[in-house]
Amino acid sequence: TYIDSLDGVLKQLDPIAKKVASHNDNNAVVVMVCNFGQSELLLNFVCNARRKGLTDVLSNILLFATDEETQQLAEGLGLTTFFDEQNFGKMPKNAARQ
């Protein structure tokens with residue numbers, strides 16, 4: 001369960017979050033969560049931010065990817081990601097239905 005793995009997850013996550021926080025003077029971290037079904041929205045967000053000259057803001061993002069495909073995509077876009085197979089591995093990869 002999540003609670004059983006919390007200490008291990010926090011140990012993995014701590015250096016990642018500190019790295020993201022170090023990119024700005026306020027130690028701010030913007031947290032996002034995405035699965036592959038929402039990857040087009042993620043791609044649109046990142047491309048739009050770059051087009052508007054907000055590339056530095058993207059370095060403040062820590063994306064929790066709920067599947068490996070999204071992690072690979074986000075890292076390819078230059079985002080910092082966290083994926084935990086034990087806790088996220090069984091989450092759906094598809095977009096939510098309407």
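Guide: A polar contact is a pair of N or O atoms within 3.5 Å, one able to donate a hydrogen and the other able to accept it. Keep that in mind for D67. The model is predicted.

Visitor: What makes the approach of D67 to F36 a polar contact?

Guide: A polar atom of the D67 side chain lies 2.9 Å from the backbone nitrogen of F36. The cut-off is 3.5 Å, so this pair falls within it and counts as a polar contact.

Visitor: Where does D67 sit?

Guide: D67 belongs to the loop between β2 (61-65) and α4 (68-76).

Visitor: How do you know whether D67 is buried or exposed?

Guide: By its relative accessible area, which is 2%. Buried means under 20%, so D67 is buried.

Visitor: Which residues does D67 touch, leaving out those up to four places away in sequence?

Guide: N35, F36, F83 and K93. T80 is 13 residues from D67 along the chain, and their C-alpha atoms are 14 Å apart.

Visitor: What makes β2 largely enclosed by the rest of the structure?

Guide: 5 of the 5 residues of β2 are buried, so the rest of the structure largely encloses this strand. Both of its faces are covered. I61, L63 and A65 are buried on one side, L62 and F64 on the other.

Visitor: How do you know that β1 and β2 pair?

Guide: Pairing takes at least two bridges. Strand β1 (residues 30-34) has 5 bridges to β2, so the two strands pair. They run parallel. V30 stands opposite I61, and M32 has L63 as its bridge partner.

Visitor: And what makes β2 and β3 a pair?

Guide: Here 3 bridges join β2 to strand β3 (residues 80-82). The threshold is at least two, so this is a pair as well. Its strands run parallel.

Visitor: Why is the unit of β2, α4 and β3 called right-handed?

Guide: View it with the strands pointing away from you. Right-handed means that the path from the first strand over the helix to the second runs clockwise. β2, α4 and β3 make a β-α-β unit of that hand.

Visitor: Which residues make up the largest nonpolar core?

Guide: This core has 11 residues: C34, L42, V46, A49, L58, I61, L63, A65, A74, L77 and L79. α2 and β2 each supply at least two of its residues. Another core, of 8 residues, lies apart from it, with V9, V20, F64 and F88 among them.

Visitor: How do you know which asparagine is buried and which exposed, N27 or N60?

Guide: Set each value against its cut-off. N27 has 54% relative accessibility, and exposed means over 50%, so N27 is exposed. N60 has 13%, and buried means under 20%, so N60 is buried.

Visitor: Where are these two residues?

Guide: N27 lies in the loop between α1 (2-21) and β1. Its phi is near 55°, a positive value in a residue other than glycine. N60 lies in the loop between α3 (55-58) and β2. Not counting residues up to four places away in sequence, N60 touches V20, H23, N24, A28, V29 and V30.

Note on methods
Residues are numbered from 1 along each chain as its sequence is written. This is a predicted model: local features need pLDDT of at least 70, side-chain atom pairs count only at pLDDT 80 or more; totals for chains, interfaces and linings use all residues. Side-chain values use heavy atoms; hydrogens and water are left out. Helices (H or I, at least four residues) and strands (E, at least two) are DSSP runs, numbered from the N terminus. Buried means under 20% relative accessible area, exposed over 50%, partly exposed in between (1.4 Å probe, protein chains only). Contact means heavy atoms within 4.5 Å. A nonpolar core is a set of buried Ala, Val, Leu, Ile, Met, Phe, Trp, Tyr and Cys residues joined through side-chain atoms within 4.5 Å.
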